[in-house]
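Dear colleague,

Please read the notes with the structure open beside them.

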Amino acid sequence: MAFALAATLLLGSTAAHAQDVQQLKASYKRPDLIPFPEEAPYSPQMATLGKMLFFDPRLSGKQNLSCASCHNPSFGFEVPVAGAIGATNKPLPRKAPTVLNAAWIPTLFWDGRAPNLEMQAMGPITAEGEMDGKFPQIIARLGKIPEYKAWFGKLFPKDGVTQDNILTAIATYERSIVAGTAPFDRWIEGDEAAISPAAQRGFSVFNGKAGCAGCHTGWNFTDNQFHDIGIPTKDIGRAAFSPDDPFAQFAFKTPGLRNLTYRAPFGHAGQFADLEAIIAFYESGGLPRPSRSPLMKPLSLSDGERADLIAFLHTLTAEQTRIALPNLPN
C-alpha cells in the first residue's frame with residue numbers, strides 16, 4: 001500500500017492528495033498490541049524470568065557471554081561493531097540483527113533460518129562460535145540455583161528447568177522488546193510539529209523518488225522478505241535455505257528501521273558506517289548480477305533530498321530509555 005501510494009506524494013496540494021497522504025501515513029501506524037503465540041502467552045513473571053536469562057552469562061559455555069553481549073539495549077539491541085566477539089574471541093561474520101520488534105518478525109536471522117523466537121534464541125546459545133553453550137550443562141547449572149529452580153517450578157510446574165522452558169522464557173522477554181514511540185509516530189497521529197519540515201519532505205522522498213518503501217514497509221519499516229541489494233559479498237545468504245530460488249542468492253532479510261540512530265554500522269556484515277554511507281550505496285544501485293532485486297536501481301538524489309531523507313530516518317528513533325539490568329540469582 002505504501003509503495004502504491006508513493007507517487008501521489010509528488011503531486012500538487014489537492015484534497016485528493018491530502019487524503020492519499022493520510023492513507024499513506026496510516027499504513028505506518030503502530031499496532032496496539034504485541035502478538036504472543038497461544039502456546040506461550042505473555043505474563044510479567046515469564047518475561048522477568050526471560051530477561052534474567054537474556055542477561056545471564058551462565059548460558060554460555062565459558063559463562064562469559066550472554067544474549068545481551070550481542071544484543072545490547074544501549075545500541076538498539078545490537079552492538080556497534082560489524083561483528084560481535086563470540087566464544088572464539090573472533091568477530092562473527094555477520095552483524096547481530098536487532099531483536100527490537102521481533103514479535104512481528106515471522107522468520108529470524110539475516111537468512112531467515114529460524115521460524116520463531118524460540119529457535120532464534122537456541123541458535124546463538126548453542127553455536128560454537130557464538131555462546132558455545134551446551135543445554136545439558138546449562139540445565140544442570142541453572143537447576144542448582146535455588147531462585148532459578150523456584151522460578152521454573154512456579155512457571156513450569158510440570159517439568160521445571162528444561163531446554164524448551166528456557167527458550168520459551170527468553171522468547172517471551174524478546175517479544176516484549178518494542179521500540180518506543182518516536183517523533184514520527186506522533187506526527188502520523190496528527191502532531192504536525194513533531195517532525196521538521198525537512199523530515200516531512202524526507203518522508204516524501206522515502207516513499208517516492210528513493211523507493212525505500214518498496215521494501216521498508218509498515219510500522220516496523222520492513223517487508224520481512226529477502227532481497228539481494230547488490231552488496232559485494234561471498235555470503236550467499238538466503239540461498240543456503242532456498243537453493244532453487246535464483247533471487248535468494250546473496251539475499252538478506254530487510255531490516256526494520258526503528259531506532260536507527262543507535263544501530264550503526266549497517267548491512268548484514270556491518271559494511272556501512274553510517275546512514276550517509278548506506279544511502280550512497282543505494283544510490284549506486286548495487287552490484288549488477290542476476291539475483292539482484294529488480295527494486296534496486298541507480299538513482300540520483302539532490303543534496304537537499306538526501307539531507308531530507310536522513311532527517312526523516314532520524315525521526316524513527318525513540319528517546320533512549322533506561323532498561324534496568326536484572327539482579328541475577330546465585
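Arg 175 is buried, its relative accessible area being 7%, where buried means under 20% relative accessible area, exposed over 50% and partly exposed in between, with a 1.4 Å probe and protein chains only. The side chain of Arg 175 meets that of Glu 118 in a salt bridge of 3.0 Å, N to O, the term meaning a side-chain nitrogen of Lys or Arg within 4 Å of a carboxyl oxygen of Asp or Glu. Because Glu 118 lies in helix 4 (residues 117–126) and Arg 175 in helix 7 (residues 163–175), the pair ties together parts that are 57 residues apart in sequence; helices are DSSP runs of H or I with at least four residues, numbered from the N terminus. Glu 118 is buried too, at 15%.

This is a predicted model, in which local features need pLDDT of at least 70 and side-chain atom pairs count only at pLDDT 80 or more, while totals for chains, interfaces and linings use all residues. Residues are numbered from 1 along each chain as its sequence is written, and side-chain values use heavy atoms, with hydrogens and water left out.

A search of the whole structure finds 18 salt bridges. Among them, Asp 185 pairs with Arg 30, with the closest N and O atoms 3.5 Å apart; Asp 185 lies in helix 8 and Arg 30 in the loop between helix 2 and helix 3, so this pair ties together parts 155 residues apart in sequence. Both Asp 185 and Arg 30 are buried.

Lys 29 forms a salt bridge with Glu 189, at 3.8 Å between the closest N and O atoms. Lys 29 counts as partly exposed at 40% relative accessibility, whereas Glu 189 counts as exposed at 54%.

With kind regards

Key: Helices (H or I, at least four residues) and strands (E, at least two) are DSSP runs, numbered from the N terminus.
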